[in-house]
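This report covers a two-chain model, shown below.

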Amino acid sequence: MAKITYITHDNQKYEVEVKNGLTVMEGAVQNDIPGIDADCGGGMACATCHVYVKEDWFNKIPKKEDGEEDMLDMAFEPKTNSRLSCQIVVSDEIDGLEVNIPSKQA
Amino acid sequence: MIKTDALIIGAGPTGLFAAHQLKLIGLNCEVVDNLNKIGGQCIELYPDKPIYDIPAVPECTGEELTKNLINQLKPFDIKFHLNERVEEVKKENDNWLVKTNNGTTFSTPNVIIAGGVGSFEPRKFSTKECEKFENKSLFYSVKDKKIFKGKIISIFGGGDSALDWAIELSKECNVNLIHRRHEFRGAQASIDKVHQLAKDGKINLFTQYQMASAKGDKNLESIDIKHDNNEIKNLKTNYVLGFFGLIMQLGPIANWGLNIDKKTIEVDTEKFETNQKGIYAVGDICSYPGKLKLILSGFHEGALAARACFKLARPNEKYRFEFTTSSKTIKERLGVKSD
């Protein structure tokens, strides 16, 4: 279990407990957190589960694998701390993670 | 106006198999899709990715699946309207009047929505001012490259479209290529070529930059681009091209009076009919208790929706269930010999 905080673009905070093994994207979708579309369902094929990861966390969570950076090229307003939330797997190590959701996914 | 027994919206695997089922039971149909090719997500998002859960097909790629489905439609004459998006659906007496963005109109008792997660549209710049110049001096695809001759073109993106157009246009234009990071994701040969052209001064390369604003009164005059370190550069430019891939959008479907929840359309599980009589939804775009977003579910849903279409298209005939292995009529439709 890990507590994940999702912050929407208009500063609404959602704190949820997400089971280990799920992704940060699934945590958002299952808890009806607005702003994460996840059109392709986690296939790293659409860049609509884009989040910004708080700087201190960005280096702590597992690194991007091949292909994620390519998909981020297509995300809405990508920044240096952009990630696809379907590629961040929840574990005890990321307990307390905070992610910001962009104003739009496309 | 085109009259048809059923109109299918979406040429992905579900739409294709629904067409097969309609033709098999003796109905005619036409298919509309916003993409310029048949296959939907399978062809646009994952043509090379293997799929392992199509019944009786241990492994195939999105492209192979599409090819096989098209092959399965070979015996039939089905008109595809590609590059067209359905804009409007209106009731007219017992029929639905359907209009596309190209002005094609259909009159049909049955509309099958097999739209996946929506129609594919180009991803756009997030900066507001860009809208003002869209389709005048800012484009997301190239229709006529002649208009760019001798002009300054700023191309955004890091994939093959951006690279290919940068290479092509650098022959006769002044090209700026702008990308959000140093790495490009296109074919290695194209990447090498772009770097060579940049070295030779034929392409001005700006990496780790993104669009900040587009300037100009009536015509586009210049753009501001912003570096990751917040430095801003102003580039004189006549045209801007953005290549950020495609995004799926529900689009006009949202306005047709259907029960929509989270981008999916509610249907019953007998006919896969929506809350509007004669409008069905199948595949990823439909929802009902227990819905699985699998291609195989889309096939099943399309088969049942096709039978429901029969009732409205042939109100005076009785639908008779038949097997392809034994039915003479079906074999005639397929153009195969009966035993």
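This is a predicted model: local features need pLDDT of at least 70, side-chain atom pairs count only at pLDDT 80 or more; totals for chains, interfaces and linings use all residues.

**Domains and cores**

Chain B is assigned two domains: domain 1 covers 2-121 + 247-334, and domain 2 covers 124-244. Between the C-alpha centres of domain 1 of chain B and domain 2 of chain B the distance is 38 Å.

The largest nonpolar core holds 59 residues. Those that touch the most other members are Val99(A), Ile155(B), Ala162(B), Ala166(B), Leu177(B) and Leu241(B). Helix H5 (residues 160-169) of chain B supplies the largest share of this core, with 6 residues. Apart from it lies another core, of 48 residues, which includes Ile9(B), Cys42(B), Val86(B) and Ile285(B).

Leaving aside residues up to four places away in sequence, Leu177(B) touches Ile155(B), Ala162(B), Ala166(B), Val194(B), Ile203(B) and Leu205(B).

Helix H5(B) is mostly covered, with 7 of its 10 residues buried. These are Ser161(B), Ala162(B), Leu163(B), Trp165(B), Ala166(B), Ile167(B) and Leu169(B). In chain B, the buried residues of H5(B) pack against strand E13 (152-156), strand E14 (174-179), helix H6 (188-199), strand E15 (203-207) and strand E19 (239-242).

**Contact between the chains**

At the interface, 14 residues of chain A are in contact with 16 residues of chain B. The side of chain A that touches chain B is made up of 7 nonpolar, 2 polar and 5 charged residues.

**Strand pairing**

Strands of a sheet pair through backbone hydrogen bonds, in either a parallel or an antiparallel sense. Chain A has an open sheet of 5 strands in the order E2-E1-E5-E3-E4, and the pairing is mixed. Strand E2 (13-18) and strand E4 (82-84) of chain A are the edge strands, each pairing on one side only. From one strand to the next, the twist averages 35°.

Within chain A, strand E3 (residues 50-53) pairs with E4(A) in the antiparallel sense over 3 bridges. Tyr52(A) stands opposite Ser82(A) in E4(A).

In chain B, strand E7 (residues 86-92) and strand E8 (residues 95-100) run antiparallel and are joined by 6 bridges. Here Glu88(B) stands opposite Lys99(B) in E8(B). The hairpin of E7(B) and E8(B) has 2 residues between the strands, and Asn93(B) in this hairpin takes a positive phi near 55°.

Ala56(B) is not a glycine, yet has a positive phi of about 70°. Asn230(B), also not a glycine, has a positive phi of about 80°.

Conventions
Residues are numbered from 1 along each chain as its sequence is written. Chains are lettered from A and ligands numbered from 1 in the order in which they are written. Domain bounds come from an automatic or database domain assignment. A nonpolar core is a set of buried Ala, Val, Leu, Ile, Met, Phe, Trp, Tyr and Cys residues joined through C-beta atoms within 7 Å. A residue is buried if 20 or more other C-beta atoms lie within 10 Å of its own, exposed if 12 or fewer, and partly exposed in between; C-beta atoms are placed from the backbone. Helices (H or I, at least four residues) and strands (E, at least two) are DSSP runs, numbered from the N terminus. Two residues are in contact if their C-beta atoms, placed from the backbone, lie within 7 Å. Ala, Val, Leu, Ile, Met, Phe, Trp, Tyr, Cys and Pro count as nonpolar, Asp, Glu, Lys and Arg as charged, and the others, Gly among them, as polar. Two strands pair if DSSP finds at least two bridges between them. Axes are lines fitted to C-alpha atoms, for helices over the stretch in contact, and angles run from 0 to 180 degrees between N-to-C directions.
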